[in-house]
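This report covers salt bridges and the surroundings of a ligand.

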Amino acid sequence: MSSMAPDNITGGLDIEAIRADFPILQQKVHGCRLAYLDNAASSQRPHSVIEAVSHYYEHDHANVHRGVHSLSHRATDAYEGAREKVRKFINASAASEIVFTGGTTESINLVAASLGQDIGPDDEILISHMEHHSNIVPWKLLCERTGATLRVAPINKRGELILEEMLAMLNPRTRIVALAHVSNALGTVNPVSKVIEAAHELDIPVLLDGAQAAPHAAVDVQKLGCEFYAFSGHKMCGPTGIGVLYGRQDVLERLPPWQGGGEMILSVSFEDTVYNKLPYKFEAGTPHIAGAIGLGAAIDYLDSIGMDRIAAYEAQLRDYAGQRLSEIDGLRIIGEAESKVGVHSFVIDGIHPHDLGTVLDHKGVAIRTGHHCAMPVMDFFCVAGTARASLAFYNSAEDIDQLIDALGVATEMFA
Ligand code: 7TS
């Protein structure tokens with residue numbers, strides 16, 4: 001890892017100007033400057049996102065797709081405009097491939113429920129050992145319901161997927177591969193293209209859990225070639241309660257709906273139901289209109305900086321943080337993949353992660369501690385939990401220095 005003086009770490013971005021866009025970052029916590037390093041759990045919102053949501057509620061709110069009046073037209077245009085922004089953001093070929101959901105969790109549950117209607121006891125679902133619970137439990141529930149088998153590809157001590165073992169598990173019984181693009185607990189970036197290529201040789205669809213990838217680098221679903229891509233608005237400067245399921249047109253066309261209600265039908269009688277076209281077939285009920293609009297504004301904001309510049313800057317910050325953390329006695333990084341994002345999970349000898357988190361909070365440093373909804377990862381590394389500092393493009397080298405100073409206080413306190 002390269003050593004770098006904090007002043008040089010800007011990636012060409014004006015970090016101070018960016019930070020000024022985020023009202024929440026301006027506060028003090030326990031009298032200290034706030035160093036918000038819990039971005040993998042949820043990011044913060046710039047003023048433009050908050051403003052877009054307020055503007056919608058103050059001026060345009062009505063239900064979408066059903067009114068003839070002006071407000072409903074405006075709300076519909078804004079909602080569908082946001083869908084188009086999402087399409088462009090991940091380079092989907094059509095807006096009809098963008099299904100708004102409540103978040104990554106709901107996106108994955110949608111696929112599991114919908115695909116599950118055609119799965120039986122001879123089938124297999126393939127995931128990896130580093131998945132977030134939301135890419136484990138929906139598949140476990142599906143297996144319990146159908147008698148199918150859940151297979152789990154192993155990881156190594158660096159927290160990397162053992163690719164050849166995962167590929168060897170693919171077989172004609174595999175009905176879907178569901179894999180994290182980036183692990184939330186380890187920061188590992190998975191070799192998803194190789195998995196997709198191998199799965200497609202056997203006509204197996206692939207779902208990527210992009211919750212930790214979409215906020216940090218440009219995603220191109222056509223280039224990836226995956227059938228499904230799931231992510232959450234709140235991890236990429238958008239509102240909570242809104243997320244996306246990208247599904248390739250032909251695949252979504254074949255899948256049955258998962259929830260019934262208004263909006264997802266063209267006609268209903270007691271004998272017969274004709275489902276709506278994509279993506280509405282998968283959007284039953286009144287959607288989270290303000291959430292989608294806020295997500296659209298978040299995408300505008302990210303685009304105004306540029307995802308490539310965000311990725312490059314975060315990589316510098318990741319290396320600086322990694323180097324500073326390695327200077328702390330007794331600190332062990334959990335997850336040392338060759339390719340990783342700005343997520344550093346760690347344990348310190350003799351200090352419980354929750355105690356660390358509490359001491360850090362009193363120094364204004366927000367990190368997450370615990371199992372990060374990835375208990376199988378914790379079991380693999382034989383730890384009950386970790387402390388996790390996770391970065392966003394609005395973090396600065398000063399945030400990292402504040403983290404290191406606070407860890408110094410904690411280690412002295414528990415020595
Ligand atoms: N998949 C991954 C890889 C995640 O990191 C998360 C949330 C989810 C799915 C679920 O996303 P949701 O928006 O539907 O809740 N991860 C975390 C985390 O690491 N700490 O808090 C939430």
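In this predicted model, Arg87 and Glu84 form a salt bridge whose closest N and O atoms are 3.0 Å apart; the term stands for a side-chain nitrogen of Lys or Arg within 4 Å of a carboxyl oxygen of Asp or Glu. The two residues sit three positions apart in helix α3, a separation of about one helical turn. Helices here are DSSP runs of H or I with at least four residues, and strands are runs of E with at least two, numbered from the N terminus. Arg87 is buried at a relative accessible area of 16%, while Glu84 is partly exposed at 33%. Buried means under 20% relative accessible area, exposed over 50%, and partly exposed in between, with a 1.4 Å probe and protein chains only.

Local features need pLDDT of at least 70 and side-chain atom pairs count only at pLDDT 80 or more, whereas totals for chains, interfaces and linings use all residues. Residues are numbered from 1 along each chain as its sequence is written, and side-chain values use heavy atoms, leaving out hydrogens and water.

The salt-bridge count is 21. One of these pairs is Arg83 with Glu283, with 2.8 Å between the closest N and O atoms. Arg83 belongs to helix α3 (residues 70-90) and Glu283 to the loop between β12 (273-275) and α10 (289-305), so the pair ties together parts 200 residues apart in sequence. Both ends are buried: Arg83 has a relative accessible area of 1%, and Glu283 has 5%.

Asp250 and Arg248 also meet through their side chains in a salt bridge, at 2.9 Å from N to O. Asp250 is partly exposed at 33% relative accessible area, and Arg248 is partly exposed at 26%. Elsewhere, a network of salt bridges links Arg19, Arg33, Glu398 and Asp399.

The ligand is surrounded by 15 residues, the closest being Thr105, Asp209, Gln212, Ser232 and Arg368; a residue is near when one of its heavy atoms lies within 4 Å. By class, this shell holds three nonpolar, eight polar and four charged residues. Ala, Val, Leu, Ile, Met, Phe, Trp, Tyr, Cys and Pro count as nonpolar, Asp, Glu, Lys and Arg as charged, and the others, Gly among them, as polar.

| Residue | Ligand atom | Distance |
|---|---|---|
| Gln212 | oxygen | 2.6 Å |
| Arg368 | nitrogen | 2.4 Å |
| Arg388 | oxygen | 2.7 Å |

Taken alone, the ligand exposes 490 Å², of which the protein buries 88%; the areas come from the Shrake-Rupley method with a 1.4 Å probe.

How values were computed
Polar contact = N/O pair within 3.5 Å; in protein donor to acceptor, adjacent residues only side chain to side chain.
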